[in-house]
Amino acid sequence: MTWGTIATLAVLAAIVLAVIIKLIKDKKSGKPSCGGDCSHCAGCSACEENAEKGE
């Protein structure tokens, strides 16, 4: 592998890791991962939990 390939793989791995960390933080804080409006969502389990809490 060349240095360019290694650098590209490192950047892509960092981006994927950042996305995964963001999804985990959002899930722990109770935010839906779909990014939609829970008041119009009929099928999302995270949205149903928030609706039960009155959010």
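How many salt bridges does the structure hold? The structure, which is a predicted model, holds one.

## The chain as a whole

The protein chain has two helices and zero strands. Of its 55 residues, 7% count as buried. The chain exposes about 4,700 Å², and 65% of this area is supplied by carbon and sulfur atoms.

## Helix 1

Helix 1 covers residues 3-28, a run of 26 residues. At 1.5 Å a residue, the helix should span 38 Å.

After helix 1 comes Gly30. The phi angle of Gly30 is positive, near 90 degrees.

## The salt bridge

The partners in the salt bridge are Asp26 and Lys22, whose closest N and O atoms are 2.8 Å apart. Side chains of opposite charge can pair when their charged atoms come close. Asp26 and Lys22 are separated by about one helical turn, because they are four residues apart in helix 1.

Are the two partners buried or exposed? Asp26 has 15% relative accessibility, so Asp26 counts as buried; the cut-off for buried is under 20%. Lys22 has 47% relative accessibility and therefore counts as partly exposed.

## A nonpolar surface patch

Which residues make the nonpolar surface patch? The patch is made by Val11, Leu12, Ile15, Val19 and Leu23. Its area is about 440 Å². Val11, one of these residues, lies in helix 1.

Technical notes
Residues numbered from 1 in each chain as written. Predicted model: local features only at pLDDT ≥ 70, side-chain atom pairs only at ≥ 80, totals over all residues. Heavy atoms only, no water. Expected span 1.5 Å × (residues − 1). Patch = residues over 30% accessible without salt bridge, like charges linked within 9 Å, V, L, I, M, F, W, Y side chains within 5 Å. Areas by Shrake-Rupley, 256 points an atom, 1.4 Å probe, with all protein chains shown as cover. Salt bridge = Lys/Arg side-chain N within 4 Å of Asp/Glu carboxyl O. Buried < 20%, exposed > 50% of the residue type's maximum accessible area, 1.4 Å probe, protein only.
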